[in-house]
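The sequence and structure come next.

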Amino acid sequence: MSTLYLLHKPYRMLSQFTDSQGRATLAEVIRAPGVYAAGRLDFDSEGLLLLSDDGSLIHRIAHPKHKQPKTYWVQLEGHITDEAIRALKAGITLKDGPTQPAKARRIAPPNIAERNPPIDPKRHPTTSWLELTITEGRNRQVRRMTAHVGFPTLRLIRAAIGPWQLGQLPPGEWRKETLHAPRPDNPKQPRSISKKGVSKSASPNTPAPKKARAAKAAPKQRSASTRGPKK
């Protein structure tokens, strides 16, 4: 069994528990012994952050090779066009290379608490919302993607990581889930499960013991009682 914490990280908070510069950290909103964040969320981004005390679970969630899809609600400057959405879906080329095709669609403003401090309507009188799902995790990737197609990001909220959803969790609040999955002593060597003396981890190509091989290779001998009379 593993314990997973789903936290709504507030705006302008670090995805870590300590900071030498006096900025807000996770220690202000969650107190659970031995937990670490599975990945990160930028200081100026909000939304879902997963934490656990299970190192193998954190690795499975955060490592790029597992490609957990991440969904974001993005408030943009201006009304995003269909052309820009098509470009995001197809994949665009950033300075560090082309992005993978994304899922993108225009959405209504999500039912979520207003950011603190809020976006200034005088500076940004026209905005629109986009739902964007990517499988990569480059530095500030979503912001760079929307800027590339001409619509800078004003507010960025992570709504989902794989199957885990932010839902209606308020900023600074968290909920706990228990995952009923085995936690092997050594993640690289899962424990075998035996049934009726046979190990499930044994390979079908595992060589038989020497005595068994010798018995199998020896030719069968007829008993003396079955031999005919000596001629």
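## Salt bridges: rule and count

A salt bridge is counted where a side-chain nitrogen of Lys or Arg is within 4 Å of a carboxyl oxygen of Asp or Glu. By this rule the chain has eleven salt bridges. The model is predicted, and local features need pLDDT of at least 70, side-chain atom pairs count only at pLDDT 80 or more, and totals for chains, interfaces and linings use all residues. Residues are numbered from 1 along each chain as its sequence is written, and side-chain values use heavy atoms, with hydrogens and water left out.

## The chain as a whole

The secondary structure comprises four helices and 13 strands. These are DSSP runs, numbered from the N terminus: helices are H or I with at least four residues, strands are E with at least two. Of the 231 residues, 38% count as buried. Buried means under 20% relative accessible area, exposed means over 50%, and partly exposed lies in between (1.4 Å probe, protein chains only).

The accessible surface is about 15,100 Å², and carbon and sulfur atoms account for 52% of that area. Such areas come from the Shrake-Rupley method with a 1.4 Å probe; for residues, only the protein chains shown count as cover. A contact is defined by heavy atoms within 4.5 Å. Among contacts between residues at least 6 apart in sequence, 71% join residues at least 24 apart.

Asp-44 pairs with Arg-143 in a salt bridge, with 3.6 Å between the closest N and O atoms. Asp-44 sits in the loop between strand S2 (36-37) and S3, and Arg-143 sits in helix H3, so the bridge ties together parts 99 residues apart in sequence. Asp-44 is partly exposed at a relative accessible area of 24%, whereas Arg-143 is buried at 13%. Arg-155 and Glu-46 form another salt bridge, their closest N and O atoms 2.7 Å apart. Arg-155 belongs to strand S9 (residues 153-161) and Glu-46 to strand S3, so this pair ties together parts 109 residues apart in sequence. Both ends are buried: Arg-155 has 6% relative accessibility and Glu-46 has 4%.

A salt bridge also joins the side chains of Arg-106 and Asp-82, at 2.9 Å from N to O. Arg-106 is in strand S7 (residues 103-107) and Asp-82 in helix H2, 24 residues apart, and the pair links distant parts of the chain. Here both residues are partly exposed, Arg-106 with a relative accessible area of 41% and Asp-82 with 45% relative accessibility.

## Nonpolar cores

A nonpolar core is a set of buried Ala, Val, Leu, Ile, Met, Phe, Trp, Tyr and Cys residues joined through side-chain atoms within 4.5 Å. The largest one has 32 residues, and those touching the most other members are Leu-51, Ile-80, Leu-88, Leu-130, Leu-132 and Met-145. Two or more residues each come from strand S1 (2-9), strand S3 (46-52), strand S4 (70-77), helix H2 (82-90), strand S8 (127-134) and helix H3 (141-148). Not counting residues up to four places away in sequence, Leu-88 touches Ile-80, Pro-101, Ala-102, Ala-104, Leu-130, Leu-132, Met-145 and Val-149. Another core lies apart from the largest one; it has 18 residues, including Leu-57, Ala-159, Leu-169 and Leu-179.

## Helix H3

The buried residues of H3 are Gln-141, Val-142, Arg-143, Met-145 and Thr-146. Their cover includes S4, H2, strand S5 (93-94), S8 and S9. After H3 comes Gly-150, which has a positive phi near 95°.

## Two buried residues

Ser-15 lies in the loop between S1 and S2 and is buried, with a relative accessible area of 16%. The side chain of Ser-15 reaches the backbone oxygen of Leu-41 at 2.7 Å. Apart from neighbours within four places in sequence, Ser-15 contacts Lys-9, Leu-26, Ala-37, Arg-40, Leu-41 and Leu-49.

Ile-161 is in strand S9 and is buried at a relative accessible area of 2%. With neighbours within four places in sequence left aside, Ile-161 contacts Leu-48, Leu-50, Ile-61, Gln-68, Pro-69 and Lys-70. Ile-161 and Thr-133 are 28 residues apart in sequence, with their C-alpha atoms 9.5 Å apart in space.

Technical notes. Polar contact = N/O pair within 3.5 Å; in protein donor to acceptor, adjacent residues only side chain to side chain.
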